[in-house]
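Here is a short tour for someone meeting this structure for the first time. Have a look at the chains, then read on.

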Amino acid sequence: MNAFNRLMTGAALGLALAVTSGPMGSAETPANMLVIANRIDDITTLDPAESFEFAGSDVSRNVYQKLVNFDPMDLDAGYQPEVAESWTVSDDGKTITFTIRDGLTFHSGNPVTAADVEFSLRRAVILNKTPSFILTQFGFTADNVEQTIVADGNTVTITTDQPYATSFVLNCLTATIGGIVDMKTVMANEADGDMGNTWLKTNSAGSGAYKLVSWKPNESVTLQSNPDFYLGAPAMERVIVRHVQESASQRLLLERGDIDMARNLNPEDIAGARGADGVVITDELRGRLMYVSMNQKHPELSKPEVRQALKYLIDYEGMQNSFLNGQYVIHQNFLPRTFLGAVDENPFSLNVEKAKELLAAAGVESMELEVGVREAQERIEIAQTLQNTFAQAGITLNITVGTAKQILARYRARELDVYLGAWGPDYPDPHTNAGTFAYNPDNSDAAQATGLLAWRNSWDTGGLTEKTAAAVVENDRDKRSQMYAEIQATFRETAPFAVMFQKIEQTAQRDNVANVNLGGATTAVSYWPITK
Amino acid sequence: MSDMTAPDLTWRAWLLTDAPTSRRHAQLASFYQGWLSLRSNTMAMFGLGILIFLLLVALFAPFIAPYDPFVQSLGNRLQPMGAEGHLLGTDSLGRDILSRLIYGSRITLYIVALVALIAPVAGLLVGTVAGYAGGWTDTILMRITDIFLAFPRLVLALAFVAALGAGIENAVLAISLTAWPPYARIARAETLTIRSSDYISAIRLQGAGALRIITKHIWPLCISSLIVRVTLDMAGIILAAAGLGFLGLGAQPPSPEWGAMISEGRRFILDHWWVATVPGLAIFTVSLAFNLLGDGLRDVLDPKDGGQ
Amino acid sequence: MAVTDTTEGRRRAPLVPWIKGALLTLGSVAVTMLGLLFVTFIIGRVMPIDPVLAIVGERASQSTYDAVYQQLGLDKPLLVQFLYYLWDVVRGDFGMSLLNARPVSEDIARVFPATLELATLGVFIGIVLGVPLGVIAAVRRGSWIDQIARVVALVGYSMPIFWLGLMGLLVFYGILGWVGGPGRLDIFYQDIVPSRTGMILVDSAIAGDWSVFRNAFSHIVLPAALLGYYSLAYISRMTRSFMLEQLSAEYVTTARVKGMSERAVIWRHAFRNIRVQLITVIALSYANLLEGSVLTEIIFSWPGIGSYITTALLSADMNAVLGGTVVVGLIFICLNILSDLLYRVFDPRSK
């Protein structure tokens, strides 16, 4: 019995230790520090010429300045001067000359010069990483950058291959890839002619409001404020973004005061956190769309009636009001709300009878389809809801769940019948979505235009390709907007895409945190205006 | 009808005899005695009871389940336990959790049955061949076994499922792939003992071939130790399958696999805890039942282990 | 085969078979490792995840894609790729992680201590509670405490760990607030103490920063208790079984007849004789925990090697998967050899 007694004492002691070592009461983060819980496992690099993920753009926006940029307190105003003080456009509309602002410095202390701008843009083109198409679509190539991107004194001139809408070009320069890097620092860290790419993946050389202290993959990103920031030193001296996968964990951390903001709460946890002391919920419309697409290689799906029918077999309302509640809003057009040319018409709703008529007209009685979904809970639930409503019209939908990469590979190979996925704009110009949903100049397998959603679904766009190409060179803003409205009207009815929802990001934050802007539908989060 | 008791008693006496009249008689008698000793083990009988119950539930699922496990009702989601018409509440898509649990028992049994067939057979094959053949064959086969043993088990299963694609059959294969090496080792050890026995030498002298010796004489002798091991492993198999389901690599939606149900429910753990708790309890109950039965079986079949 | 070996050994000098044995062991370790690498490599290549796509992402143009494809050497034959990889590994270079642009060895050095810390504490709990429980259960066979020990162990074997972890978090962190949440530290305790060993409990103790130590402890206590429970279940059952074997041995009866105190019989004689077997069991249990308890690490956001390999696997970061598997496999094999060795050295019967 002696040993048993000792054992019990040991257990009791362990328990007592656990109790006393727990956090005492509600903790609070320091006043000059902003702590955010977010999912940051998508970051693979922080080099602005390569970075292309949500969490990466969040870092980049605060570390690197761009020629033109958005004011977080007034996103609707569109791009504003930043590194470029002003700019002029040549008469033929192909050349833009930027005058570089005086007195900006990099975190290293080096001045920001026209040569740095030239280097940064050329570098992005030459490195030819994933987001490089945002610049190369203007005709820049590794061979011609010496002529097309040129610094002279305190000006930089870029020359495009066609007279694109100036707003289109400048909007593209606000994307992450337009970030200006410190040439001297970057080239000092060059290895094997990589233009500093390896080093910049995990370090920063910018002139923005913050500099990177550390990025620990799947753990955290730590930023330190730049006291010399041209708009004044930011109030938050340190920003820590911690990777917390689970919504429930994020909520507990927030309710206990361990963090200031939680960015990935699901609707149930939002509802729960709403009632918690000192927590407020804010909604911000983002640019991401949720859509279902139908592969036109499938003999039945290529029939126009079948495409229409499927659009009537989606329970938009039911999903919006249940498991997507508050986080997605019905939106059936490829341009997100707040974008130039966005329209608000959502004609489709669940109508099984109408769908059955359409299917009968197409001579389809029953069919079996495979839908590819990546393993994110909300998407799996959407897929199951689709399965449920499709079945009511005699369509069997088999769900294949995989990791993002597995599903994507099959989608790009044009193998999936139906794909359920999300699409976020790459840069804040309507062409970013029009150029992928409604643009497909060569629909052959050999074209391998894997970046175009229309191509992935083997859709020849029925003439929308030309209209999209025309819209992108239209310099009259109202006319351009009208053109996109027309493209979307045709798209809605005929395209093999059922755009369903637009994302609303619900953030739960401590009630003392103010001036948070996540970037709306156009850009990423800005930390520098935040106070608490 | 009236003389039912008499043959019954005779049967009992016949089974409990000390002097069996034939080989079959002896086998049956020892089986019956095992059963009697198992029956006196309350915990094992409790486990057996649960398993029989599970079997019945799985068999009669369509008659027992109050709802179709796949029918959704988005307006009626996340109902609490005891809500009207939903004893265990509803899940995120408004499906009845009790009905899903009942249908899920079929999947659990399916996985367990398949793995219990594949892994020990594979292990038996490798182990007996290695043990009987010896030499290079033994070295190579055992080296392969070691390689698979050195793999982190769940990682190997994950890799396998990731390579073949998620799904219940692939999950079964993956679990079998990680489960066979211990069986191979047991079978090899038994084979080594049996191989050098006089009995096998005698058969060999009679001119029996290796194949015949392995299948007719060595396999039957390995089986009882394998059965104990399999029963004890069942719980592990259920837990591994649930783990794969939890990671989204097992049964695919909308299948009501229990591990996947936990995974779906864990998002609501703070406010709707029952969605994840109920399937967790179900997994626990069934694997506990297998463990209790396995424990009892070991007492019966393997008395040298001191009634562990 | 075993028979020939010993007869040969007897004829030669006593040291020779020892060296031969060591060489054989080394050789078999090398072969096992090679096999392990090869299997992992093949799995990585047949996986329907495109490593190029994993790097360049959804929107890359074909020319970007092709550039990375060549850069990874995927245009070369499979065997050539494997040999290249092998050559690098032999020189201690696991390559760069495809997804976070760091050397895999650096990653492993970062994640492994987290697992080591957790596993060590877990197995410690398992030993401290499991061994006495097993001994008592054996000594008082059939008593209520034996029954309790049995139930405790069986429940441990039967509980889905990810579910128990979730429930533990819900109750002890969410509702009661007794322990720290997921992760290794609260955010403002991070980066305070310098990382010497990577194990925060050890680092903070070295630095003498007890507030960090307490915080780290509040985070590790729940997952460690969970893992501890699992190894307790195993260790206590095995201890009981070993003890029963000893207690029924003749020398125990003799000692009792001689009038030796029950305590002395149990601890000085019976227990002493099961130590070696026990070490093997503990080593196995430890090896299992060190392999990275994937599910526990995922539930508790513990940045250990199990979740590292899993994440890498699902995103086709093959260098990371291979590196992680090699390390884990090596540990498993080494612990096995170690316990084998201990067995041979200390077991009276093998002398």
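This is a predicted model: local features need pLDDT of at least 70, side-chain atom pairs count only at pLDDT 80 or more; totals for chains, interfaces and linings use all residues.

## Where chain C meets chain B

Chain C brings 39 residues to it, and chain B brings 38 residues. On the chain C side, the elements that give two or more residues are helix H2 (15-46), helix H7 (144-158), helix H8 (161-175), helix H10 (210-247), helix H13 (294-299), helix H14 (305-314) and helix H15 (318-346). H2(C) gives the most to this side, with eight residues.

What kinds of residues does the side of chain C that touches chain B have, by class? There are 26 nonpolar residues, along with 10 polar and three charged ones.

## Where chain C meets chain A

Chain C also touches chain A: here 47 residues of chain C are in contact with 44 residues of chain A. On this side of chain C, at least two residues each come from helix H3 (51-56), helix H4 (62-71), helix H6 (104-139), H8, H10 and H14 of chain C. H6(C) gives the most, with six residues.

Sorted by class, the side of chain C that touches chain A holds 27 nonpolar, 14 polar and six charged residues.

## A pair of helices in chain B

Now for a look inside chain B. Helix H2 (residues 23-39) and helix H12 (residues 274-301) of chain B pack with their axes 9 Å apart, at an angle of about 135 degrees. Because of that angle, H2(B) counts as oblique to H12(B). The crossing of H2(B) with H12(B) is right-handed.

Which residues meet here? From H2(B) come Gly34(B), Ser37(B) and Leu38(B), and they meet Gly296(B), Leu297(B), Val300(B) and Leu301(B) of H12(B). By class, this contact has four nonpolar and three polar residues, with no charged ones.

How many of its eight residues are buried? Six are, so to speak, tucked away, and the helix is mostly covered. The buried ones are Phe168(A), Val169(A), Leu170(A), Asn171(A), Cys172(A) and Leu173(A). Their cover includes strand S2 (68-70), strand S3 (79-81), strand S5 (95-100), helix H4 (133-136) and helix H16 (431-437) of chain A.

Note on methods
Residues are numbered from 1 along each chain as its sequence is written. Chains are lettered from A and ligands numbered from 1 in the order in which they are written. Two residues are in contact if their C-beta atoms, placed from the backbone, lie within 7 Å. Helices (H or I, at least four residues) and strands (E, at least two) are DSSP runs, numbered from the N terminus. Ala, Val, Leu, Ile, Met, Phe, Trp, Tyr, Cys and Pro count as nonpolar, Asp, Glu, Lys and Arg as charged, and the others, Gly among them, as polar. Axes are lines fitted to C-alpha atoms, for helices over the stretch in contact, and angles run from 0 to 180 degrees between N-to-C directions. Angles under 35 degrees count as roughly parallel, over 145 as roughly antiparallel, 65 to 115 as roughly perpendicular and the rest as oblique. A crossing is left-handed if the near helix is turned anticlockwise from the far one by less than a right angle, and right-handed if clockwise. A residue is buried if 20 or more other C-beta atoms lie within 10 Å of its own, exposed if 12 or fewer, and partly exposed in between; C-beta atoms are placed from the backbone.
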